[in-house]
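Please look over the model shown here, with attention to the residues annotated in its database record and to the surroundings of one further side chain.

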Amino acid sequence: LVSTLISAALSDIPPAHPCKVAHHTDRHTYADLIVRRGQVFMMTLWFNRTLQTGDNLAFVTEIGPAPSETHHTKAIFNLSEAGASGWTAVQGPSESSYMNFSISSPANAVIGRYKLSLQITSGNKVSSKFLGHFVLLFNPWCSGDDVHIANEDARQEYVLDENGIIFIGNANYIEARGWYYGQFQDDILNICLTMLDLSLYRRQDPVTDMFRRGDPKYVGRVISSMINGNDNDNGVLEGSWNDNFAEHENPSRWNGSVVILRKWRQENYKPVQYGQCWVFAGVMCTVMRCLGIPTRLISNFNSAHDADGNLSIDKYYDSAGKSLNIGRDSSWDYHVWNEAWFSRRDLGTPYSGWQVLDSTPQEQSKGIFQCGPASVRAIKEGDVDLDYDTLFVFTEVNADCNQWIVYKDGTRKKVYCDTERIGKAISTKAVGSNSRVDVTNNYKYPEGSHKEREVYKKACAKARGSNLTERLSEVPNEGSSETVRKPEVSGVFKLVEPPVFGKDINLILILTNLSSEYKPVKVNLSASTILLILSKYVCISEKQIQLKISYAQYEKSLTDDKKILVTALCEVMHTLEGKMLVVKTITLETPTIFIKVLTPVVKTQPFALQVVIANHLYEPVAECVLTVEGSRLLEEQLKQIFYMKPQERTSITFQIIPFKSGQRQLQVNFKSNKFRDLKGYKTLMVAPSSGF
């Protein structure tokens with residue numbers, strides 16, 4: 001019978017094929033059949049003669065370098081028999097020349113690229129015929145799959161949506177940036193599967209690696225290690241956090257994952273230069289959604305990087321209030337990571353749901369730059385002893401922030417402990433819209449509450465009582481947050497008006513005497529970017545000190561992030577109170593790109609797009625380059641080069657012919673000699689052409 005088998009329908013399947021539609025894989029353009037585990041798929045075999053009495057059919061699935069039934073990477077299953085492997089095959093309505101079969105995989109099957117064969121037994125003779133390849137993915141629509149998510153809107157958002165929003169900036173000035181995931185673009189699935197094959201896990205133990213690919217927590221951890229290239233593992237991206245990118249790509253210029261993944265493949269899997277946190281997270285989201293794991297991006301504002309594992313961030317200043325580069329602890333205006341949705345059979349049901357995965361290379365975990373999956377529930381409850389890297393993520397959102405003064409003789413004095421600064425406005429994109437959703441309460445109890453302090457102390461106790469990390473050093477005592485004397489003088493910086501790049505910055509330092517006596521205070525003011533240092537003596541009940549930072553002072557020294565750190569070191573004279581530090585980070589606002597659609601947007605019909613940007617500087621802006629791009633909207637990038645006079649408002653209109661219908665994201669980028677990589681985006685709904 002094998003010699004008379006003509007063909008099996010496993011390749012060159014059109015996107016609209018009922019099987020692809022039923023498995024939600026119809027957006028993939030991959031040549032082979034793509035199905036999801038735990039769900040039936042149909043297959044037809046054509047013969048040039050009928051099946052003979054006594055002929056028994058069985059199917060064989062194989063995956064990986066050494067398929068075996070022991071490791072669940074090989075299954076042999078007869079018709080209408082539920083074997084131990086969990087794979088089944090049932091014959092459907094058939095004719096003499098062909099046979100229809102319904103094949104189903106177990107809901108925990110290994111995902112990846114399979115080989116399918118037909119095995120025929122006639123008496124004592126056993127023969128087989130290779131039928132073709134198919135790809136098996138995770139299945140959020142299947143209740144038995146660990147990645148099952150019950151809400152259909154959530155599945156559409158976290159698995160099928162190719163467009164996303166990343167929130168950046170700072171807690172007081174949150175910006176939205178568009179990102180194109182493109183998980184269904186040509187060759188992306190193949191690149192994602194290759195990524196798994198290149199990992200260190202695969203190199204160290206190919207058989208076990210393949211066997212474990214049915215577990216989403218394992219797959220997520222492997223991918224978190226492969227998005228960065230820090231382990232000489234052919235990872236996708238190399239990170240860079242300085243302003244010198246040479247001839248390589250400034251991370252701010254990336255608008256999506258597809259071009260990065262294709263560049264990685266084209267350059268023989270050499271890390272692409274360069275990425276930063278939102279780029280790592282954007283690319284990881286593409287890979288996870290492509291493989292079928294519900295995934296979203298999370299932005300944590302005032303995010304801590306606790307390098308020594310003591311649940312606190314220590315910042316050092318000299319006696320004039322200037323920030324010192326001491327220690328490895330740091331905090332970021334924002335940090336972006338991923339959450340993936342799956343059950344945690346290893347931890348128990350309460351810890352299932354959203355899991356943190358972070359591919360930005362910050363610290364090694366088990367000797368590799370990888371992070372997670374850490375249960376969001378475990379983070380909130382302070383269960384920092386649970387796998388994986390829960391302690392590290394806990395400190396990112398809930399570390400205490402200690403401020404130290406370092407004197408000329410090298411002695412250090414802790415002057416303040418801020419228990420509420422870290423982990424603000426933790427954000428993600430809303431389901432079905434571009435709105436921002438605050439998910440801070442998923443990660444911790446309200447700051448300042450008794451429960452939040454209780455959880456922090458619990459985390460400290462767990463960290464002291466277990467060997468959680470190779471870098472674990474001194475963990476603070478439970479009372480450490482209260483070891484600093486409450487100051488009798490308080491201070492805060494206030495901006496007179498919103499800070500705008502190109503204009504002077506006016507601040508007021510408001511000092512308040514919390515006691516009943518006058519307090520003589522020495523104030524040292526400094527601004528980090530421009531090394532501005534001022535000193536004042538004041539006697540206060542309440543005092544307002546004005547500070548002006550001119551455009552001429554900061555223009556030449558400002559970095560790409562457009563940030564200025566202003567500090568006031570306030571020393572209460574003739575008392576034991578010592579010193580108080582007031583700190584404010586100012587992020588300068590840059591021009592907004594306005595995007596307006598002037599005519600209806602219909603597939604294959606031109607529409608007009610207007611882009612407006614204003615130069616608010618009192619000087620010209622040269623080398624202006626405006627680019628417009630959008631996957632499935634434009635075949636290639638549109639570009640306009642121009643010059644802007646002082647205070648000039650520029651309007652440019654583009655004609656665009658979309659070639660795909662449905663919801664699309666248009667991205668606009670502007671750069672010049674004064675402004676680097678300003679971004680805007682517009683979500684469009686492309687109507688189908690009336691002719692089709």
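Predicted model: local features only at pLDDT ≥ 70, side-chain atom pairs only at ≥ 80, totals over all residues.

## Annotated site

An unreviewed UniProt entry lists Cys277, His335 and Asp358 under "active site". These residues are spread over 82 residues of sequence, yet they cluster in space, with a largest C-alpha distance of 9.9 Å.

## Cysteine 277

Cysteine 277 belongs to helix α8, which covers residues 277-291, and it counts as buried because its relative accessible area is 7%, under the 20% cut-off. Setting aside residues up to four places away in sequence, cysteine 277 touches Trp241, Tyr334, His335, Val336 and Thr360, so that another residue of the annotated site, His335, is among its contacts.

## Aspartate 358

Aspartate 358 sits in the loop that runs between β18 (353-357) and β19 (374-375), and with a relative accessible area of 2% it is buried. Its side chain is joined to that of histidine 335 by a polar contact of 2.7 Å. Beyond its neighbours within four places in sequence, aspartate 358 is in contact with several residues, including Ser224, Trp337, Gln370, Cys371 and Glu396.

## Glutamine 667

Glutamine 667 is part of strand β36, residues 662-671, and is likewise buried, at a relative accessible area of 6%. A polar atom of its side chain lies 3.2 Å from the backbone oxygen of glycine 178, while a polar contact of 2.8 Å links its side chain to that of glutamine 665.

Apart from residues up to four places away in sequence, the residues that glutamine 667 touches include Trp179, Tyr180, Asn255, Glu629 and Tyr681.

Methods:
Residues numbered from 1 in each chain as written. Heavy atoms only, no water. UniProt positions renumbered as here; feature names shortened; annotations may be inferred. Helix = DSSP H or I, 4+ residues; strand = E, 2+ residues; numbered from the N terminus. Buried < 20%, exposed > 50% of the residue type's maximum accessible area, 1.4 Å probe, protein only. Contact = heavy atoms within 4.5 Å. Polar contact = N/O pair within 3.5 Å; in protein donor to acceptor, adjacent residues only side chain to side chain.
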